[in-house]
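Please look over the sequence and the 3D structure that follow. The report below then describes the surroundings of the ligand and a set of paired strands.

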Amino acid sequence: MVRDLDHWIDGKTVPRGTQPAMTVHGPVDRRSVASVALGGASHVADAVAAARGAGPDWADRAPVERGRLLLAVSSALRERAEEFVEVEVEETGKLVSEMRGGLGVAADYFEYYGGVVRALFGETIGLGSGDHAFTTREPYGVVGMITPWNGPLTQAARGMAAALAAGNTVVVKPSEFTSSTTLMLARLCEEVGVPPGVVNVVLGTGAEVGAALVDHPDVRLLAFTGSVTTGRAVAEGAARRLVPTILELGGKSANVVFADADLDRVVESALTICVGAGQQCAALSRLLVQHEVHDELLDRVAAAMRERVPGERLAPMTTEGQFEKVVEYFDVAARDGARLVVGGRAASGETAAGRYVEATVYADVTPQMRIFREEVFGPVLAVSRFGTEDEAVAMANDSDFGLVASVWTRDSGRALRVASRMEAGQVIVNGGRTGIETPFGGYKSSGLGREKGFESLLHYTQLKTTVVSTR
Ligand code: NAD
């Protein structure tokens, strides 16, 4: 069945009329799965007006009241999990098990921000007798959110939950390739009692709808998740209007393995490059291994990657553009002289009807090669070797990106030393578990600001200082 997707503005579906539309072809077999209305500046204007209209009442509600509605969204998401999972699997190609995990994360965002907003408070500032000063955290008003195709539901939930908890209203522009679950989430919000206009979704391309959202004078904060190139364009537009941005961009994260590491756990960690077929910003796509254990680890990782059969234990590339990009990187890596150990081709046989590529490992990757420096966004692991701790740190930091870094060693002194030298917004030592509670975001070209954690709630508020004379 081909789903017709239309904008959701002020609590209503906007009839498509004569608007242009785009057909989305699913990644598993390239069959048509959705027909997406392609909106324009007028739809953005309507959605922003609705969000602005709904703003004062939403912002005036007690945090506990907004929080309870967000908790209701969380419960409804869990109750309706399979509906969301089925639709998002069809559009992204994620494995069902991966998407069930993603659904849980989306529900967690609403649960976390629905609760933690009650702990948002300001400070008092001592000025001596006669004056009383205090700070309050206020919403910005309308937040414009632009999300990518690799984790449509979780990306939408991440920003929306924090923005709404803080008292903002939102206009979301999902990726034109994966719009369904964002629309379903907006409807769900309304079903549990979030008033019309608080959540709006405008569908369409980045050039039309995304750019119109960035330029709209009543959008007071922009939260963008996507590529570095588009993030720059969003930041430039925001700079022209002097509005703040939260930018969650790409990565080329290093997984640094010292010879004393627990190699069983390292193999598991290296294989996370296959989660979502590597289409994750936080993918640990560079495996840097100390000389003494390099060959053993490479053999073990290669053997495990060989078992990730496309279509069974490995998802496809979500978009045609992404599929072509990964296939092109196979040529790039070969030309640059990387040693192919496993994979390196588009999938053949039954899965060739879909956008599948093989789980791939390159060894002898040097910092000059493009697969060391550029985000492939596929199940492609670049393995390099190092000798000393200083070399490991220099190699890990030799990147324009700085989203995540991972370090494996049983030496706790070295673990802390290396972690503190990593140029990354999040450092994971020996496979530490991250969650909604742990702030996430990039150093360098990986972005600005932080999502997740209490920190994100602060990003979705602006600080007001009030000074009262008591004389
Ligand atoms: P993209 O930058 O092409 O698109 C992202 C969104 O921006 C889409 O909705 C798109 O329509 C819109 N857009 C495109 N041009 C625009 C413009 N000129 N103005 C405004 N909006 C515009 O990214 P993508 O290919 O959809 O997603 C993949 C990228 O996202 C990867 O680089 C990945 O690392 C990154 N990502 C980052 C995070 C994170 O949290 N750091 C999470 C997921 C994905």
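This is a predicted model: local features need pLDDT of at least 70, side-chain atom pairs count only at pLDDT 80 or more; totals for chains, interfaces and linings use all residues.

Local features need pLDDT of at least 70 and side-chain atom pairs count only at pLDDT 80 or more, whereas totals for chains, interfaces and linings use all residues. Residues are numbered from 1 along each chain, and side-chain values use heavy atoms, leaving out hydrogens and water.

## The shell around the ligand

The ligand is surrounded by 28 residues, each with a heavy atom within 4 Å of it, and Thr147, Ser227, Thr230, Leu249 and Glu375 are the closest. The shell divides into twelve nonpolar, eleven polar and five charged residues, where Asp, Glu, Lys and Arg count as charged, and Gly is among the polar ones.

Helix 7 provides the largest share of the shell, three residues; helices here are DSSP runs of at least four residues (H or I), and strands are runs of at least two (E).

## A hairpin and its partner strand

Strand 6 (residues 124-126) and strand 7 (residues 131-139) run antiparallel and are joined by three bridges, where pairing requires at least two DSSP bridges. Isoleucine 125 stands opposite alanine 133 in strand 7. The two strands form a hairpin with four residues between them, and glycine 128 in the turn has a positive phi of about 90°.

Strand 7 also pairs with strand 23 (residues 461-469), in the antiparallel sense over nine bridges, and there histidine 132 stands opposite valine 468.
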